[in-house]
Every structure is written in C-alpha cells, then in structure tokens.
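Here is a short report on pockets, cores and selected residues. Have the sequence and the model open side by side.

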Amino acid sequence: MNKNRPHILLTNDDGIRSPGLWAAASELSKIGYVTVAAPREQSTGMGRSLPSTSDGTIRKEQVQVNGQQWDVYAVGGSPAQAVLHGVLEIIPHSPDLVVSGINYGENVGMGITISGTVGAAMEAASMGILALAVSLQTETQYHLSHSEDIDFLTAGYFTAYFAKLLLEKKFPPEVDLLKVEVPSHATPHTGWQVGRLSRSRYYDPVPAVRTSWDEPGPISYKHSECIEKEPQDTDAYILREKKMVAVTPLNLDMTAPVDLSDFEKNLRK
C-alpha cells in the first residue's frame with residue numbers, strides 16, 4: 001500500500017453485494033487505498049443502530065471490480081457496526097476518511113436519522129473521522145434491490161469528487177460529516193449546491209393493507225406530495241426541483257439552536 005495515498009474505509013447499508021458500493025469503490029480507488037467493510041445483509045433503514053442481536057462475524061470475500069479481484073469484508077451487523085469493525089479490527093490504523101454509499105434512493109429531510117447510509121457516516125464522525133454519505137435518487141421500488149437498471153456512474157464520480165474535497169480542504173469544527181444527494185439523471189456536468197436539511201419527512205408512511213393484525217403487515221412509504229411548499233434552500237428542493245446535486249453539512253450536536261438560558265427561564269415560570 002502506498003503510504004502517501006489516503007486510506008478510505010467504504011461501507012453502505014444495501015449490503016456487500018450492492019452495485020452502488022462497487023461504483024463507489026471503483027472511483028474512490030483512483031484517489032486512495034480503499035478497504036470495503038459492509039453489512040453481510042441488506043440493512044436499509046437501520047440508522048445508526050447497534051443491534052445486540054448482530055453476530056459480529058467478519059467474513060473475507062473476493063469481488064471483481066473493473067476486472068480486478070478485491071478482498072472485501074462482509075460484516076454480520078448494521079452499517080454503523082460495519083464501520084466499528086472496520087476501524088477497530090479490520091484496518092490496523094484509523095482511516096483518513098469513511099465513505100458510506102452509494103445508496104439506492106435519496107436520503108433527505110427528517111428521514112436521515114432512519115438512513116443506514118447516513119447512520120454509518122455518523123458513527124465514523126462520532127469517532128473523529130472525516131465522513132461522507134452519498135445517495136442516488138431512485139424510485140422507491142428500487143430501494144431494497146440490487147437492480148442493475150440503476151446507473152451509478154455519475155454518482156460514483158461525485159462520490160470521489162466530494163471525498164477529495166473532504167481530504168484536501170479544512171472544514172469548520174461544526175461540520176461533522178457531509179451528505180450528498182445525486183439526482184437520478186445527473187451527469188458529471190450537473191451543478192451542485194449546498195443546502196440545509198429539509199424539515200419535511202420527504203417520505204410519508206403508508207399503513208399496512210390487511211384484514212387482521214395477525215397477518216404480517218409492514219408499514220411502507222411513498223414520496224411526499226408537499227415538495228411544492230419546500231423552501232428553496234433545502235436538500236429536498238435542490239434535489240427534486242432544481243435537479244442539482246444537494247450537499248448538506250451535518251453536525252452530530254442535535255441541541256436545538258435556542259438560547260438555553262432563556263429556554264430554561266421559560267420552563268421555570
């Protein structure tokens with residue numbers, strides 16, 4: 001391994017066999033040495049969870065990427081746990097950057113705490129490691145798939161583009177991780193814009209259709225119809241209306257941005 005090249009830990013929440021993961025690996029390998037440690041199973045919607053039921057097994061596998069054989073690590077756990085195993089066991093030193101993605105489906109608005117893609121990046125950020133979460137806008141029927149109908153080439157380009165920026169530029173201490181959303185029909189020439197997190201759900205929950213509660217009935221979801229009311233500086237508007245790459249700096253400190261002294265005085269009245 002070339003010690004002058006940055007070491008990148010790559011993970012995702014769609015599982016070790018996801019084409020989105022390998023599109024990211026292919027592009028990131030042009031700028032650094034890439035170690036892949038990702039969940040053994042599909043792990044969408046796990047957020048930053050660390051389930052006690054995870055077995056924590058690490059299985060070394062081989063995958064072919066661009067005609068080359070890669071050693072990869074399939075982890076029996078959540079995306080956040082894949083990051084932990086990668087940092088604490090698989091890589092002998094702390095990586096320079098953790099990248100999570102490329103996800104099937106965008107992760108915007110209030111739903112990011114549900115996202116395993118963002119959750120993995122948050123876990124890395126909590127350890128003081130530079131972190132990037134990348135998602136590609138797709139229709140909901142593709143979210144749990146490994147469909148090869150989805151073209152990840154452009155999303156791969158932007159993954160490497162923003163990974164390089166994270167490695168080269170000095171970010172303010174308030175920025176713990178970067179979230180990038182790529183429009184479905186983007187090209188490498190598509191513009192990008194920094195925007196804040198939308199306060200909308202973005203995906204509305206849909207109740208189960210069943211005749212009895214004894215029947216299996218998972219809650220599904222659909223795209224929200226309220227995008228027309230979305231402020232123009234949010235990730236949701238930039239992605240869906242402007243059709244630009246939406247870039248959002250995130251902070252792990254979820255404290256409400258209010259004057260805490262005034263807030264306490266009001267509580268004590």
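Strand S9 gives the largest share of the lining of the second largest pocket, three residues. The model is predicted: local features need pLDDT of at least 70, side-chain atom pairs count only at pLDDT 80 or more, and totals for chains, interfaces and linings use all residues. Residues are numbered from 1 along each chain as its sequence is written, and side-chain values use heavy atoms, with hydrogens and water left out.

**Pockets and cavity**

A pocket is an open set of points on a 1 Å grid over the protein atoms alone, with protein on both sides within 12 Å along at least five of seven lines. A cavity is a set of points where a 1.4 Å probe fits but cannot get out. Lining residues have an atom within 4 Å of a point. Volume is the space filled by probe spheres set on the points, which are joined across faces, edges and corners.

The second largest pocket is lined by 23 residues; Gly45, Gly111, Ile114, Tyr203 and Tyr221 lie nearest its centre. Strand S5 (97-104), strand S9 (203-206) and strand S10 (220-223) each give two or more residues to this lining. Strands here are DSSP runs of E, at least two residues; helices are runs of H or I, at least four; both are numbered from the N terminus.

The largest pocket has 19 lining residues, with Met110, Leu197, Asn251, Asp253 and Met254 nearest its centre. The search finds one cavity of 30 Å³ or more. Its lining consists of Ser200, Tyr202, Ser224, Cys226, Ile227, Glu230 and Arg240.

In the table, Ala, Val, Leu, Ile, Met, Phe, Trp, Tyr, Cys and Pro count as nonpolar, Asp, Glu, Lys and Arg as charged, and the others, Gly among them, as polar.

| Space | Volume | Lining residues by class |
|---|---|---|
| Largest pocket | about 610 Å³ | twelve nonpolar, three polar, four charged |
| Second largest pocket | about 450 Å³ | nine nonpolar, ten polar, four charged |
| Largest cavity | about 30 Å³ | three nonpolar, two polar, two charged |

**Cores**

A nonpolar core is a set of buried Ala, Val, Leu, Ile, Met, Phe, Trp, Tyr and Cys residues joined through side-chain atoms within 4.5 Å. Buried means under 20% relative accessible area, exposed over 50%, partly exposed in between (1.4 Å probe, protein chains only).

The largest core has 39 residues. Leu10, Trp22, Leu28, Val36, Leu132, Phe162 and Val182 have the most contacts inside it. Another core, of 22 residues, lies apart from it and includes Tyr73, Ile112, Ala120 and Leu177.

Contact means heavy atoms within 4.5 Å. Beyond its neighbours within four places in sequence, Leu28 touches Ile8, Leu10, Val34, Val99, Thr159, Ala160 and Ala163.

Helix H2 (residues 79-90) is largely enclosed by the rest of the structure, because nine of its twelve residues are buried. Among them are Val83, His85, Val87 and Ile90. The buried residues of H2 pack against S5, helix H3 (116-126) and strands S1 (7-11), S2 (33-39), S3 (58-65) and S4 (68-75).

Ser100 sits in S5. Ser100 is buried, at 0% relative accessible area. Its side chain reaches the backbone oxygen of Thr117 at 2.7 Å. Leaving aside neighbours within four places in sequence, contacts of Ser100 include Thr11, Asn12, Ala120 and Leu132.

**Gln141**

Gln141 lies in the loop between strand S6 (131-136) and helix H4 (153-168). Gln141 is exposed, with a relative accessible area of 57%.

Notes. Polar contact = N/O pair within 3.5 Å; in protein donor to acceptor, adjacent residues only side chain to side chain.
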